[in-house]
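Please consult the sequence and the structure shown here alongside the text.

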Amino acid sequence: MKTWLVIILLAITSTTVYSADEIKPFISDGCSSFPDGTLEDKDLWLSCCTAHDFAYWVGGTYQDRVEADESLRLCVTNVGEPVIAKLMLAGVRVGGTPYLPTKFRWGYGWPYPRGYKVINEQENKKVQAQLKLLGNDR
């Protein structure tokens, strides 16, 4: 138990500090610790993971997370990989909790801990401002 506590404390203290209402710039690591595609098509479902990362970066309510995870499953299924899609869904449901200070948690754009929280109008403006900096409007 002590080891986990030390790991969590190190993760919290080693992250860049942002104010409670500031969102970090959007980044995506693709499919995190999972392949981005098959041996034949190495980026087959990468766009699915990037869209999923965007949803996780923004965060929101528990229902928003359920919908983001289901969208990932459906996207990977639609590229022809329904078994992989179910495996990925299981992984994100377990590993994407907002309660661990990981770089891929639900709401990772906001300072830890955020948990499940509605994105209000002011926060949405900050999300949109970050997207404009990237040259994207979603």
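The points below treat the core and then the disulfides. The model is predicted. Its largest nonpolar core has 21 residues, and the count of disulfides comes to two.

**Nonpolar core**

- Among the residues with the most contacts inside the largest core are Trp 45, Phe 54, Trp 57 and Val 127.
- Helices α2 (46-58), α3 (62-78), α4 (82-95) and α5 (121-134) each contribute at least two residues to this core.
- Helix α2 provides the largest share, six residues.
- Leaving aside residues up to four places away in sequence, Val 127 touches Ile 23, Phe 54, Trp 57, Val 58 and Trp 110.
- In soluble globular proteins, nonpolar side chains tend to be buried together.

**Disulfide of Cys 31 and Cys 49**

- The sulfur atoms of Cys 31 and Cys 49 lie 2.0 Å apart and form a disulfide.
- This pair links distant parts of the chain, 18 residues apart: Cys 31 is in the loop between α1 (2-13) and α2, and Cys 49 is in helix α2.
- The link of Cys 31 and Cys 49 is right-handed, with 95° about the S-S bond.
- Both Cys 31 and Cys 49 are buried.

**Disulfide of Cys 48 and Cys 75**

- Cys 48 is joined to Cys 75 by a disulfide, with an S to S distance of 2.0 Å.
- Because Cys 48 lies in helix α2 and Cys 75 in helix α3, the pair ties together parts 27 residues apart in sequence.
- The torsion about this S-S bond is about -70°, so the disulfide of Cys 48 and Cys 75 is left-handed.
- Cys 48 counts as buried at 2% relative accessibility, whereas Cys 75 is partly exposed at 27%.

- With bonded cysteines counted along the chain, the disulfides follow the pattern 1-3, 2-4.

Terms used
Residues numbered from 1 in each chain as written. Predicted model: local features only at pLDDT ≥ 70, side-chain atom pairs only at ≥ 80, totals over all residues. Heavy atoms only, no water. Core = buried A, V, L, I, M, F, W, Y, C linked by side-chain atoms within 4.5 Å. Buried < 20%, exposed > 50% of the residue type's maximum accessible area, 1.4 Å probe, protein only. Helix = DSSP H or I, 4+ residues; strand = E, 2+ residues; numbered from the N terminus. Contact = heavy atoms within 4.5 Å. Disulfide = S-S within 2.5 Å.
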